[in-house]
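Dear colleague,

Please find the structure below, followed by a short account of what was found in it.

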Amino acid sequence: MKEYNINHLRELEAESIFVIREVAAQFENPVMLFSGGKDSIIMFHLARKAFAPAKVPFAMMHIDTGHNFPETIEFRDMLMEKTGTRIIIRYVQDSIDQGKVTEETGFNASRNKLQTVTLLDGIEDLKVDCAMGGGRRDEEKARAKERFFSHRDEFGQWDPKNQRPELWNLFNGKKHMGEHFRVFPISNWTEMDVWQYIYLENIEIPNLYFSHEREVFQRNGTLLAKSDCIPMRPGEKTEKRIVRFRTIGDATCTGAVESKAHSLEEIIEEVAATRTTERGTRADDKRSEAAMEDRKKEGYF
Amino acid sequence: MSEKTAGYLDMELLRFTTAGSVDDGKSTLIGRLLYDSKAIFEDQMEAIEISSKKRGDEEVDLALLTDGLRAEREQGITIDVAYRYFATPKRKFIIADTPGHIQYTRNMVTGASTANAALILVDARNGVIEQTLRHSYIANLLQIPHLIVCINKMDLVDYSQETYDKIKADYQKNIVDKLNIKDVCFIPISAKLGDNVVDASTKMDWYSGTPLLDLLENIKIVDDRNHGDSRLPVQYVIRPQSDEFHDYRGYAGRVASGVFHPGDKVRVLPSGIETTIEAIDSFTGEQEVAFTPQSVTLRLSDNIDISRGDMIVDANNVPNVGQEFEAMLCWMNERAMMPRGKYTIKHTTNETRCMIRDVKFKVNVDTLDEVADDKLVGLNDIACVSFKAAKPLFFDSYKKNRLTGSFILIDEGTNETVAAGMIL
């Protein structure tokens with residue numbers, strides 16, 4: 001019977017492909033959120049696998065905070081062009097210009113929270129009925145309680161105490177007009193699984209994930225990259241360090257880690273030995289113990 | 001590739017669920033497994049140390065690791081199923097941590113539906129209680145293949161072998177024999193102090209078995225899957241609108257059970273037409289075999305009208321095809337079941353309407369008695385119910401096949417998932 005056994009990565013892959021196909025079958029106008037980070041890259045890879053040899057039957061959607069690492073945007077454009085995939089880009093700057101949100105001020109200002117408004121507006125304007133995201137349950141405590149198929153009311157809100165039970169592989173995507181779903185196909189993957197899978201499948205990722213020299217500065221124990229969009233406090237000084245990023249998000253709140261990992265194998269071994277979570281490098285989660293739960297309830301990714 | 005990297009790529013996945021009543025120490029046990037297997041990171045530990053101090057606790061409360069929602073931390077209870085992950089060099093584990101409160105039984109059923117194994121927690125001071133029976137009954141009803149009874153808080157009964165033996169005998173007599181459970185084992189542990197969780201206890205020399213983690217790493221799970229009855233519920237039809245693949249029609253789905261090879265004779269339900277598998281496609285080319293739980297795309301030799309909800313099966317081994325069936329039902333919604341009510345039924349990738357015909361009996365989960373004259377099925381009730389569907393379904397008994405034998409009911413007004421069913 002041994003020959004009918006598959007390893008954990010192939011089992012996770014099969015589960016995610018099932019979920020992505022389920023979205024294509026159950027919804028009329030789904031999109032897949034794409035940030036250019038590794039989680040959305042593998043989710044996109046899984047979507048291509050799910051429908052081969054046909055093209056992915058839905059569009060990608062990027063909520064652009066304007067505070068990006070240029071490498072991420074270059075990578076996004078290259079990947080979409082190479083695979084002939086349609087991507088919808090919505091800008092947080094537009095929401096600010098329209099007066100829908102007010103930009104945070106101060107040294108720790110971030111557009112991370114503002115993204116929620118841009119995302120919900122995009123969902124409403126384009127009549128999107130399901131947005132797939134690359135959220136993983138191992139990332140954060142509130143995410144650990146998330147369903148694969150997560151129902152959102154007409155305000156885009158998540159009600160964690162009133163979630164639909166989710167059994168076997170039977171996913172209930174039924175909703176009323178104006179409501180939508182968030183679906184998380186890689187819910188059961190861990191950071192380690194993602195890296196192993198990138199290695200196993202030889203998936204291309206932005207070079208920010210590999211060790212490189214960069215001008216950085218320390219703030220609240222996080223190494224932030226020097227960037228035009230982060231004002232420096234008096235006394236903060238940049239210096240050149242050898243770093244890489246474990247996650248790639250908004251440049252204002254994504255911390256770098258000192259690392260000499262140049263290859264996927266070295267990254268896998270580094271991840272195996274590391275003693276902090278990857279979101280430990282995210283300043284947005286450090287705001288309070290329930291920071292993620294609060295943002296998710298409002299309709300965050 | 002180094003040997004270390006190669007090792008990470010070849011692990012098996014084991015899903016398990018935990019059940020116990022309030023204060024049996026489930027969250028602590030999970031915290032312990034994560035902590036001792038080094039799956040807890042420094043920043044997570046730091047965060048719960050701060051929270052424990054804030055609440056005035058003397059020791060770090062490992063339960064805080066899994067209680068993710070604000071209300072849970074405030075009330076010190078677990079509200080919803082939380083999924084947790086850890087890995088050892090042998091296996092990757094997914095834990096469905098389910099709350100013990102009676103009102104949240106639906107969450108236990110949810111966690112149990114995909115589990116390979118269940119940990120049932122018993123407080124050594126209280127022994128087998130009503131909830132132990134309830135949890136064991138649900139684990140068995142959902143056909144979790146392996147049960148592990150963890151007799152916890154051994155430190156509070158002086159690590160007494162007599163207490164352990166008594167609880168074990170009690171569980172054997174009142175639960176195993178009654179429910180006809182096939183695979184069960186017992187471990188005396190202290191989740192709080194770590195005895196027999198990851199490392200063998202030094203205080204219970206009388207226990208000759210292995211610690212819990214060792215057991216979880218070595219339970220044989222591949223044979224639990226049904227490799228005999230080939231079934232592929234069609235999930236999506238792939239039709240590339242391109243010149244290169246002009247006439248391509250692929251039937252995508254996850255193999256629910258059994259094995260498929262190119263050349264195999266198959267039957268398509270509901271049409272009953274027989275054909276052969278031409279190829280099994282994947283992203284990187286054709287593959288020689290497809291088996292559960294793989295997600296694949298089948299191409300067939302003949303051009304047949306097939307759509308989502310149809311099922312491709314072994315030509316010589318077909319499931320039941322019919323509109324009438326009986327099932328064990330767990331009711332999961334505050335609104336009670338409507339007698340002779342109509343609901344949407346989701347079964348494999350198929351969906352139709354169904355009508356409740358009759359409640360044959362309800363199960364008193366505290367005594368396991370079958371109550372025949374009570375027809376009111378409400379939240380957390382388990383009942384044997386007969387159904388009639390609006391069109392034929394293709395099903396096996398749940399005992400034989402967890403994926404073609406299970407279904408959910410959806411309320412047509414609220415769209416909520418109101419019940420989980422297991423076909424008899």
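How many Å separate the centres of domain 1 of chain A and domain 2 of chain A, taken over C-alpha atoms? The separation of these centres is 24 Å. This is a predicted model, in which local features need pLDDT of at least 70 and side-chain atom pairs count only at pLDDT 80 or more, while totals for chains, interfaces and linings use all residues. Residues are numbered from 1 along each chain as its sequence is written, chains are lettered from A and ligands numbered from 1 in the order in which they are written, and side-chain values use heavy atoms, with hydrogens and water left out.

Domain 1 of chain A covers 2-192 + 289-298 and domain 2 covers 209-285, with bounds from an automatic or database domain assignment. To their contact (heavy atoms within 4.5 Å), domain 1 of chain A brings 24 residues and domain 2 of chain A brings 26 residues. Between these two domains there are 2 salt bridges (a side-chain nitrogen of Lys or Arg within 4 Å of a carboxyl oxygen of Asp or Glu). Arg246(A) forms a salt bridge with Glu191(A), with the closest N and O atoms 2.7 Å apart.

Turning to the cysteines, the whole structure holds 0 disulfides over all chains (a disulfide being a pair of cysteine sulfur atoms within 2.5 Å). The sulfur of Cys354(B) is too far for a bond, because the closest cysteine sulfur, in Cys384(B), is 14 Å away. For Cys384(B), the closest cysteine sulfur is in Cys330(B), at 12 Å, which is also too far for a bond.

With kind regards
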